[in-house]
Amino acid sequence: MSMPEDVAQEINASVNYTPVQRMRHSTAHVMAEALQELFPGIKFAIGPAIDDGFYYDVEASRPITPEDFPAIEARMQESITKKHPFKQSKWDRNKALNYFKEHNQPYKVEIIENLADQEVGIYEQGPFLDLCRGPHVNNTGEIGPFKLMRVAGAYWRGDEHRPMLQRIYGTAWQKKEELETYLWQLEEAKKRDHRKIGRELSLFTFSEDVGPGLPLFLPRGEMIRRLMETYMRETQERYGYSHVWTGNIARVRLYKQSKHWEHYRDAMFPKMQEERDADENESLESLEDNSFELKPMNCPSHITLYKSQRHSYRELPIRYAEFATLHRFEKKGELSGLTRVRSLTQDDSHIFLRPDQVMDEFKDLVNLIREILGAYGLTDYRVRLSLPDLNDHEKYHGDVALWEQAVTDLKAALDATGFNYESAEGEAAFYGPKMDLMAKDALGREWQLSTIQMDLFQPRNFELEYIGEDGAAHRPVIIHRAIMGSTERFMGVLIEHFAGAFPVWLSPVQAMIIPITDRHIDYAMRAQKQLQKVGIRSEVDSRSERMNAKVRDAQLQKIPYMLVVGDKEAENESVSLRLRTNENVGAVPLAKFIEQALQISSSRSLNLWLKEENAAQ
RNA sequence: GCCGAUGUAGCUCAGUGGCAGAGCAACGGUUUCGUAAACCGUAGGUCGUGAGUUCAAAUCUCACCAUCGGCUCCA
């Protein structure tokens, strides 16, 4: 077991705490102090500082709930008022072991047992004593404004076979305004929640009868999906991709051969087996091999496509792209809206290429990623390079030299892109190293979207070849890649990124035509026909409502253009244009509106409308 | 899957053992209005599902389902 290092790290890491982190970590201790008084016999595990605050993992005799928070917070406040100094000391390892054994703190005992040092750090504030490397603030009076946020279960050392502890999360800041800003941001994020907006804008829904994690898309949601997918298809065709189709199910034996069955079976839907027993001439294994699986990934199918034909070195790279919907049997507890589903449509591609083409292909891929994500205004990236732990032969089979070459290539290619990246050893897929790209959205939150994965295993496993210049058979390399990740998840991210106010080209309804009274409906309909003719998606709000109500509803639906039409407009073939930003542009000739809206839409501009000086004739 | 919370009308929510409620949406009518909510009326619910306790269950108990917040995993 190498896990204890993690815990040791939690303690060691605190040495490098910034002042805020130090204060947050101290707040965790103050919370522990309060918990110790309110829940006698409570056992403590670890309590580090995190991005926006702190947590402490504990085991208590009864579940702690948010209803307990006011009492805990009050006790914490008491400790803060008393300004208990944080007293540091070094204890002999055995003394500490005995102390924590006597005080029935098995998790602390376990942590000490895994520390190599002869001496361990102890911090004390008021009535509370804890194993801790520190550092801390001078006294509890230096604790900033804080708030307990939630309780959650967390496995001891993140291991699902070990006890489930209760993790109490809190947030802490140095200034009151910072806490308020943070809480406000949480509120903002809540307003942008794609599950909420998805309902409000009639984009998608879920049904218990259909099943958990299986989203159903309403017409407006499907429109957005299609627009995103079409854009992806058009763009990647420009980059030399060809689209293929490989259906939704395949035999179990295909996934056995690809080794996915071995590595990911628990995340695949149960197999579909014929309702018959194996007969005398058929083994149980063969019965299973011939049963069917919902396709959980495309690679084996694309490899099968590749193998169906002979390939010359001249053809490579061959880039197969597919938007088939995949099914993964994700654990129930991890399903979440569109971002974590059981049926997902990857913008998947497998590139078969010669080893000497890897670097150039990688550069093209990075350009493609920049172009696609940039179109949605996602331009701030962070890259994580997942490398193998080459000592782990269980997970990483194959030729060590090949792996090393791949890692070197990938690093060199990454360096050429100018991306900042961090490496994570032991995180690579079983078939090769990979690069994941995290993009920041409008609220500064990071989402893992694009992935580029080199595959060193499957070409050999499936005995793929191409005929080289020398007339002999050679082994190609495979690159797996997805830019959006999955259509569903990407749509969820975009909803939150745009807060439902999609760019014009992506808006399911681009213009709402609002007749002021019933006698303007005729003109509204004629105007709509003209928009329809050039492909601008619009509707006429012909309800018996006041114009104000129609404006409000269109506004709430985040429809980019509101075209109010009354006597004046009908008379001179114009519309009164209002933007969803509340801006009232005023009278615009219908023809001119069409021209500009079309231009903004077809160029996939993120602008709503061109400013006067540019637009004016 | 595990820990905790939640589940009442399409949506947001009130109702904590004694007749199932409100606002918005929907539907019908009246109104025909110049840039974020006109007025009146009607209809809508096996209170997530199933079992139990009770004279009586939306309310208490148990199981299951789903959702939310985490943990874990992510081809």
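This is a predicted model: local features need pLDDT of at least 70, side-chain atom pairs count only at pLDDT 80 or more; totals for chains, interfaces and linings use all residues.

Modeller: Start with helix α18, which gives the surface near RNA strand B its largest share, seven residues. "Near" means that a residue's C-beta atom, placed from the backbone, lies within 6 Å of the strand. Residues are numbered from 1 along each chain as its sequence is written, with chains lettered from A and ligands numbered from 1 in the order of writing.

Now the whole surface. In total, 59 residues surround RNA strand B, and the closest are Gly153, Ala267, Gly333, Gly566 and Ser576. The elements giving two or more residues include β7 (146–155), β8 (164–172), α7 (194–200) and α10 (260–264). Also among them are α18 (547–556), β26 (561–565), α19 (567–571) and β27 (574–579). By class, the surface has 23 nonpolar, 18 polar and 18 charged residues. Here Ala, Val, Leu, Ile, Met, Phe, Trp, Tyr, Cys and Pro count as nonpolar, Asp, Glu, Lys and Arg as charged, and the others, Gly among them, as polar.

Follow β27 next. Strand β27 runs antiparallel to β28 (residues 584–589), joined by five bridges. Strands count as paired if DSSP finds at least two bridges between them. Ser576, one of the residues closest to the RNA, has alanine 587 of β28 as its bridge partner. The two strands form a hairpin with four residues between them. In that turn, asparagine 582 has a positive phi of about 85°.

Then β7 and β8. The loop between these strands holds proline 163. Proline 163 counts as partly exposed because 13 other C-beta atoms lie within 10 Å. The scale: 20 or more other C-beta atoms within 10 Å make a residue buried, 12 or fewer make it exposed, and partly exposed lies in between, with C-beta atoms placed from the backbone. Beyond residues up to four places away in sequence, proline 163 touches Glu59 and Trp156. Contact means that C-beta atoms, placed from the backbone, lie within 7 Å. Glycine 153, another of the residues closest to the RNA, is 10 residues from proline 163 along the chain, and their C-alpha atoms are 9.9 Å apart.

Helix α7 leads inward. It is among the elements that cover the buried residues of α16, along with α6 (176–192), α8, β16 (343–353), β20 (446–455) and β23 (477–486). Helix α16 (residues 487–498) is mostly covered, with 12 of its 12 residues buried. Those buried residues include charged ones, Glu488, Arg489 and Glu496. Just after the helix, alanine 499 takes a positive phi of about 55°.

Chain A divides into domain 1 (4–189), domain 2 (204–271 + 289–382 + 431–498) and domain 3 (504–615). These bounds come from an automatic or database domain assignment. The centres of domain 2 and domain 3, over C-alpha atoms, are 38 Å apart. Six residues from domain 2 and five residues from domain 3 make the contact. On the domain 2 side, helix α8 (residues 219–238) gives the largest share, four residues. That side has four nonpolar, one polar and one charged residues.

Finally, the chain as a whole. Chain A has 21 helices and 28 strands. Its C-alpha atoms fill a box of roughly 90 × 70 × 55 Å along the principal axes. Of its 617 residues, 35% are buried. Among contacts with a separation of 6 or more, 71% join residues 24 or more positions apart.

How values were computed. Two residues are in contact if their C-beta atoms, placed from the backbone, lie within 7 Å.
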